[in-house]
Amino acid sequence: MIFLVLLLSALFAGRAGAAWDITAAAQFVTLADNAALTIPDGDFSICGWFKKDTNAGTGFGVIQGWDTINANPSANIYCREASNATAPNSISVLFEDATANEQVAFNSSGTPCATTTWQQLCFIRSGASVFTLYLANSSIGTETDTAVDAIDVAGSWRMGVEGDGAGSDYMDGALAEWAKWDRALTADERATLQKYTPRCVPGFAWYTPSVREYIEIKAGIAVTNTSTVALAHPPLIDCY
């Protein structure tokens, strides 16, 4: 039987309903290296919620990162800050396989990183290697590249900081309810994630819920949160 439970905000870190606070240096989340992190040579979806507190600066604010931006291989989704020379306040994706120059790289339309409310984001590869960035289930950027193969970094996945863990390009905001599927989510499934947690969209390869302690519930990936602050996350319905 499935019970729908409204997620409640946490009163302190580690309790059910805590979003991850990424508002200062040395505040980020790490997923330990695991086969489930591998970006397949085929369809996949990476989805979750983010909220910017500020987007001031000239550099980047990394939302999801696996190794250094522009490394071979690497996978990064990041905000371009308000004074960035290229596409300020946009969301950028840069996913590269182990071969130099085999990458998908583009900037979103609009200025989503200038917004300081919670936003739901998906980056999806589907069909004939079409890569699309969705914000609230609407496309904000797409690129086709058949040359990009599987991406498997020998290292940890990081949320809220550049993926090499060197302590640069912090996101300045909060993150919640991130998951990856090794398939392309449908429009209906993306719509579901506007109101429901990823637990309601079956088949994820990994998922870090906000309704329990800092854990990953599918592949058993070790999760480390360097922040000691818990924040309210978007009101979502969970499935059990």
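In the predicted model, Ser129 occupies the loop that connects β9 (119-126) to β10 (130-135). Its relative accessibility is 9%, and because buried means under 20% relative accessible area, Ser129 counts as buried. Apart from neighbours within four places in sequence, the contacts of Ser129 are with Glu143, Thr144, Asp145 and Thr146. Asp149 lies 20 residues from Ser129 along the chain, and the C-alpha atoms of these two residues are separated by 9.8 Å.

Gln27 is placed in the loop between β2 (18-22) and β3 (29-31). With a relative accessible area of 14%, Gln27 is also below the 20% limit and is therefore buried. When residues up to four places away in sequence are not counted, Gln27 touches Asp21 and Ile22, as well as Gly160, Tyr170, Thr226 and Ser227.

As to overall composition, the protein contains 17 strands and 1 helix. Of its 240 residues, 52% are buried. Among contacts between residues at least 6 apart in sequence, 66% join residues that are at least 24 apart.

An open sheet is built from 7 strands in the order β8-β7-β6-β5-β12-β3-β15, and the pairing is antiparallel. The edges of this sheet are β8 (103-107) and β15 (223-225); each has a single partner strand, so one side of each is left without a neighbour in the sheet. From one strand to the next, the twist averages 20°. Within the sheet, strand β6 (residues 74-80) and strand β7 (residues 91-96) run antiparallel and are joined by 6 bridges. Asn76 has Leu94 in β7 as its bridge partner.

Nonpolar packing was considered next. In soluble globular proteins, nonpolar side chains tend to be buried together. The largest nonpolar core in the model holds 39 residues, and the members that touch the most other members are Phe50, Phe95 and Phe123. Leaving out residues up to four places away in sequence, Phe95 is in contact with Ile39, Phe44, Ile46, Ser74, Ala75, Asn76, Ile77, Glu102, Gln103, Val104, Phe123 and Ile151.

The model has 3 disulfides. With the bonded cysteines counted along the chain, their pattern is 1-4, 2-3, 5-6. One of the disulfides is formed by Cys47 and Cys122, whose sulfur atoms are 2.1 Å apart. The torsion about this S-S bond is about 115°, so the disulfide of Cys47 and Cys122 is right-handed. Because Cys47 belongs to strand β4 (residues 44-52) and Cys122 to strand β9, the pair ties together parts that are 75 residues apart in sequence. Cys47 has a relative accessibility of 1% and counts as buried; Cys122 is likewise buried, with a relative accessible area of 1%.

Cys79 and Cys113 form another disulfide, with their sulfur atoms 2.1 Å apart. Here the torsion about the S-S bond is about -80°, so this disulfide is left-handed. The pair links distant parts of the chain, 34 residues apart: Cys79 is in strand β6, and Cys113 is in the loop between β8 and β9. Cys79 and Cys113 are both buried.

A disulfide is also formed by Cys200 and Cys239, with 2.1 Å between the sulfur atoms. The link of Cys200 and Cys239 is right-handed, with 105° about the S-S bond. Cys200 lies in the loop between α1 (187-192) and β14 (204-208), whereas Cys239 lies in strand β17 (residues 237-239); the pair links distant parts of the chain, 39 residues apart. Cys200 is buried, as is Cys239.

Notes. Residues are numbered from 1 along each chain as its sequence is written. This is a predicted model: local features need pLDDT of at least 70, side-chain atom pairs count only at pLDDT 80 or more; totals for chains, interfaces and linings use all residues. Side-chain values use heavy atoms; hydrogens and water are left out. Helices (H or I, at least four residues) and strands (E, at least two) are DSSP runs, numbered from the N terminus. Buried means under 20% relative accessible area, exposed over 50%, partly exposed in between (1.4 Å probe, protein chains only). Contact means heavy atoms within 4.5 Å. Two strands pair if DSSP finds at least two bridges between them. Axes are lines fitted to C-alpha atoms, for helices over the stretch in contact, and angles run from 0 to 180 degrees between N-to-C directions. A nonpolar core is a set of buried Ala, Val, Leu, Ile, Met, Phe, Trp, Tyr and Cys residues joined through side-chain atoms within 4.5 Å. A disulfide is a pair of cysteine sulfur atoms within 2.5 Å.
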